Amino acid sequence: MSDKQISNSVRKALLGISGIREEIDNQRVYFYQHGRLFSIVDSDGLQFVVGEECLKEALRLPGAELEQPGGKRCKGVIRVSAERCTETDIDFWLLLALPTNQGTIDPITFH
């Protein structure tokens with residue numbers, strides 16, 4: 001799927017969910033719920049904030065890897081390759097990443 005197709009699939013999956021906001025910057029689409037970033041779509045696929053509590057489970061899934069922008073580990077954030085972004089995959093990842101499904105999550109921190 002292209003990044004445009006992926007972002008359209010994410011939008012479709014999020015229809016009817018409260019508190020969703022979207023921003024587009026530098027050919028990336030950022031998705032927020034109630035002010036909390038939970039997903040980024042770009043040409044490489046999807047990034048999801050899954051929180052530390054779900055990180056090990058998420059990394060066991062095909063196509064998922066730890067996100068390391070600029071070589072720094074990003075707490076609780078994974079990247080899902082574009083090849084693994086079918087509508088079914090996107091639905092699953094959104095269930096894992098939506099802030100309302102996680103309760104409260106830590107903000108993204110780099111270390």
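Visitor: Which residues of β6 are buried on one side, and which on the other?

Guide: This is a predicted model, in which local features need pLDDT of at least 70, side-chain atom pairs count only at pLDDT 80 or more, and totals for chains, interfaces and linings use all residues. Residues are numbered from 1 along each chain as its sequence is written, and side-chain values use heavy atoms, without hydrogens and water. Buried means under 20% relative accessible area, exposed over 50% and partly exposed in between (1.4 Å probe, protein chains only). Both faces of β6 are covered, with Val77, Arg79 and Ser81 buried on one side and, on the other, Ile78 and Val80.

Visitor: How many residues of β6 are buried?

Guide: In a regular strand the side chains alternate between the two faces of the sheet. β6 spans residues 77–81, and this strand is largely enclosed by the rest of the structure because its buried residues number five of the five.

Visitor: How many bridges join β4 and β6, and how many join β5 and β6?

Guide: Two strands pair if DSSP finds at least two bridges between them. In β6, serine 81 is the bridge partner of glycine 45, and isoleucine 78 is that of leucine 66. Both pairings are antiparallel: β4 with β6 over five bridges, and β5 with β6 over three bridges.

Visitor: In what order do the elements of the protein chain run from the N terminus on?

Guide: Helices (H or I, at least four residues) and strands (E, at least two) are DSSP runs, numbered from the N terminus. The protein chain has four helices and six strands. From the N terminus on, the order is α-β-β-β-β-α-β-β-α-α.

Visitor: Against which elements do the buried residues of α2 pack?

Guide: Helix α2 (residues 52–59) has Cys54, Leu55 and Ala58 buried. Their arc around the axis, taken from the directions from the helix axis to the C-beta atoms, is only 125 degrees, which puts them on the same side of α2. Glu53 and Lys56, on the other side of α2, are exposed. The buried residues pack against β5 (64–66), β6 (77–81) and α3.

Visitor: Which exposed residues does α3 carry on the face turned away from its buried side?

Guide: In α3, Asp89, Ile90, Trp93, Leu94, Leu96 and Ala97 are buried. They lie on the same side of α3, because they cover an arc of only 160 degrees around the axis. The face turned away from that buried side carries the exposed residues Thr88 and Leu95.

Visitor: How far apart are the ring centres of phenylalanine 48 and tryptophan 93?

Guide: Rings of Phe, Tyr and Trp (its six-membered ring) pair if their centres lie within 6.5 Å; planes under 30 degrees apart count as stacked, over 60 as edge-to-face and the rest as tilted. The count by this rule is two aromatic pairs. Phenylalanine 48 and tryptophan 93 form a stacked pair, since their planes are at 15 degrees and their centres are apart by 5.9 Å.

Visitor: How many residues apart are phenylalanine 48 and tryptophan 93, which link distant parts of the chain?

Guide: Phenylalanine 48 is buried, at a relative accessible area of 0%, and tryptophan 93 is buried at 3%. Phenylalanine 48 lies in strand β4 (residues 45–49) and tryptophan 93 in helix α3 (residues 87–97), a separation in residues of 45.

Visitor: Which residues do ring pairs link into a cluster?

Guide: Phenylalanine 92 and tryptophan 93 have ring centres 5.3 Å apart and planes at 75 degrees, so this pair is edge-to-face. Phenylalanine 92 is partly exposed, at a relative accessible area of 33%. The cluster linked by ring pairs consists of Phe48, Phe92 and Trp93.

Visitor: At what distance from the ring centre of tyrosine 32 does arginine 21 lie?

Guide: A charge sits over a ring if NZ of Lys or CZ of Arg is within 6 Å of the ring centre and within 35 degrees of the ring normal. Arginine 21 lies over the face of tyrosine 32, and its distance from the ring centre is 4.2 Å.

Visitor: What separates the C-alpha atoms of lysine 75 and valine 49 in space?

Guide: Lysine 75 is in the loop between β5 and β6 and is partly exposed, with a relative accessible area of 25%. In sequence, lysine 75 and valine 49 are 26 residues apart, while in space their C-alpha atoms are separated by 8.3 Å.

Methods
Contact means heavy atoms within 4.5 Å.
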